[in-house]
Amino acid sequence: MSLLITYFWFLPICKGILLEWNKYTEAKVTKVGEMKDGEMKEVDLGQGKALLVYQDGEYSAIGHKCTHFGAPLAKGYLGNGRVRCPWHGACFNVKTGDIEDFPGLDGIHKFEVGWREHY
């Protein structure tokens with residue numbers, strides 16, 4: 001089974017305006033069972049990146065950079081449903097992207113994760 005991340009994308013048009021399309025896109029990021037419990041990895045979505053987390057038998061995906069100084073969260077520390085930034089210790093919930101400890105400035109994006117038999 002393939003693990004997929006679903007994300008909303010934007011189409012850039014002239015004069016720097018972004019037109020929001022009512023379209024969700026899926027990106028195949030790994031196969032179910034390839035990650036070990038407690039593992040995190042940065043995955044390419046084609047239109048950007050996400051942090052894929054496998055903890056306690058569940059997959060989740062959030063933004064891949066800390067909102068404080070843009071540190072790569074894949075190099076951070078995972079525990080109890082939270083990822084801690086490797087640079088200054090900001091903490092984010094891996095299921096919601098909510099900020100749970102400073103100095104991060106805001107929460108990060110949460111992606112939908114699912115799987116399909118044949119992709």
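Let's start with strand 7 and strand 8 (residues 91–93). They pair in the antiparallel sense, over three bridges. Pairing here needs at least two DSSP bridges between two strands. Strands themselves are DSSP runs of E, at least two residues long, and helices are runs of H or I, at least four; both are numbered from the N terminus.

A word on the source. This is a predicted model, so local features need pLDDT of at least 70, side-chain atom pairs count only at pLDDT 80 or more, and totals for chains, interfaces and linings use all residues. Residues are numbered from 1 along each chain as its sequence is written, and side-chain values use heavy atoms, with hydrogens and water left out.

Now the sheet around that pair. Four strands form an open sheet in the order 6-7-8-9, with antiparallel pairing. Which strands sit at its edges? Strand 6 (77–79) and strand 9 do, and each pairs on one side only. Neighbouring strands of this sheet are turned by 30 degrees against each other on average, direction ignored. The axes behind that angle are lines fitted to C-alpha atoms, for helices over the stretch in contact, and angles run from 0 to 180 degrees between N-to-C directions.

Next, strand 4 and strand 5. Strand 4 (residues 49–55) pairs with strand 5 in the antiparallel sense over five bridges. Leu52 has Ala61 in strand 5 as its bridge partner. Two residues lie between the strands of this hairpin, and Asp56 takes a positive phi near 55 degrees there.

Is strand 5 mostly covered or mostly open? Mostly covered: four of the five residues in strand 5 (residues 58–62) are buried. Buried means under 20% relative accessible area, exposed means over 50%, and partly exposed is in between, with a 1.4 Å probe and protein chains only.

How many aromatic pairs are there? The count is one. The ring centres of Tyr54 and Tyr59 are 4.4 Å apart and the planes stand at 35 degrees, so the pair is tilted. For the rule: rings of Phe, Tyr and Trp (its six-membered ring) pair with centres within 6.5 Å; planes under 30 degrees apart count as stacked, over 60 as edge-to-face, the rest as tilted. Both Tyr54 and Tyr59 are buried.

On to charges. A salt bridge is a side-chain nitrogen of Lys or Arg within 4 Å of a carboxyl oxygen of Asp or Glu. The count comes to five. I'll show three of them.

Asp101 and Arg84 meet at 3.4 Å, N to O. This pair links distant parts of the chain: Asp101 is in strand 9 (residues 99–101), Arg84 is in strand 7 (residues 82–84), and they are 17 residues apart. Asp101 is partly exposed at 32%. Arg84 is also partly exposed, at 32%.

Glu42 and Lys49 meet at 3.3 Å. Glu42 is partly exposed at 34%, and Lys49 is partly exposed at 40%.

Lys110 and Glu112 meet at 2.7 Å. Lys110 is partly exposed at 33%. Glu112 is partly exposed at 48%.

Last, the whole chain. What is its secondary structure? Zero helices and ten strands. Buried residues make up 35% of the 119 residues. Take contacts, meaning heavy atoms within 4.5 Å. Among those with a separation of 6 or more, residues 24 or more positions apart account for 42%.
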